[in-house]
Amino acid sequence: MYYIFTTILILCLAVQVYEDLKEGYLFDEVSLALGVVGLGYSVYKSQWLDALYGMVFCGCVMGLLYYATQGGMGLGDVFLSVGIAPWLGLMPAVEMLLLAFIYGGLVAVVLLLLGRGRKHAIPFGPFLALGTLTAFFYGERILYWYFQVVK
């Protein structure tokens, strides 16, 4: 059952990444499907409450960023992060967002150094997807490593 859920997650993220890179748009329907199936996955893992906390957290953080940037970040990014959250739960969702911003920031620095400038929009969906996959497959190891270093 785990492999079926994982395949659905990866395929939905692939669709969103492709569309965001090609058209700069994220499908709300795919984000909704991710959320619904993700809630099913969290029930399967008996972690549905943690999934709801992750959804609320991602919705609040990304919603605030959406309003603070006045269109710099699209509403599709907010919906995608909320759709991803039930797959992860609260702490891995926090980790996913941090990783997405780190990945996006690194790419932005490279683009600035290459002279692409600040006038070009950088789609955030691919970084959300990369942060999701990192947190989904390696999240516990990363958190373990982090807390060993901080200790």
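Student: Where is the place of isoleucine 10?

Tutor: Isoleucine 10 has its place in helix α1. The model is a predicted one, in which local features need pLDDT of at least 70 and side-chain atom pairs count only at pLDDT 80 or more, while totals for chains, interfaces and linings use all residues. Residues are numbered from 1 along each chain as its sequence is written, and side-chain values use heavy atoms, with hydrogens and water left out.

With a relative accessible area of 38%, isoleucine 10 counts as partly exposed, because that class lies between buried (under 20%) and exposed (over 50%), with a 1.4 Å probe and protein chains only. Together with Tyr2, Tyr3, Phe137 and Tyr138, isoleucine 10 makes a nonpolar surface patch of about 540 Å². Two or more residues of this nonpolar patch come from each of α1 (2-23) and α6, and α1 gives the most, with 3 residues. A patch here consists of residues with over 30% relative accessible area and no salt bridge; nonpolar side chains (Val, Leu, Ile, Met, Phe, Trp, Tyr) are joined within 5 Å, and like charges within 9 Å. A salt bridge is a side-chain nitrogen of Lys or Arg within 4 Å of a carboxyl oxygen of Asp or Glu. Areas follow the Shrake-Rupley method with a 1.4 Å probe, and for residues only the protein chains shown count as cover.

The protein has 6 helices and 0 strands, where helices (H or I, at least four residues) and strands (E, at least two) are DSSP runs numbered from the N terminus. Its radius of gyration is 15 Å, close to the 15 Å that the globule rule gives for 151 residues, so the protein is as compact as a globular protein of that length. This radius is taken over C-alpha atoms, and the rule is 2.2 Å times the number of residues to the power 0.38. Of the 151 residues, 37% are buried.

Helix α4 belongs to the interior: 11 of its 14 residues are buried, so α4 is largely enclosed by the rest of the structure. Its buried residues, including Gly76, Leu80, Gly83, Ile84 and Pro86, pack against α1, α2, α3, α5 and α6. Just after α4, glycine 89 takes a positive phi of about 95°.

Beyond its neighbours within four places in sequence, serine 31 is in contact (heavy atoms within 4.5 Å) with Gln16, Gly76, Phe79, Leu80 and Gly83. Leucine 39 is also found in α2, but it is partly exposed, with a relative accessible area of 29%. Not counting residues up to four places away in sequence, leucine 39 touches Ala51, Leu52, Met55 and Pro86. Leucine 39 and isoleucine 84 are 45 residues apart in sequence, yet 9.7 Å apart in space, C-alpha to C-alpha.
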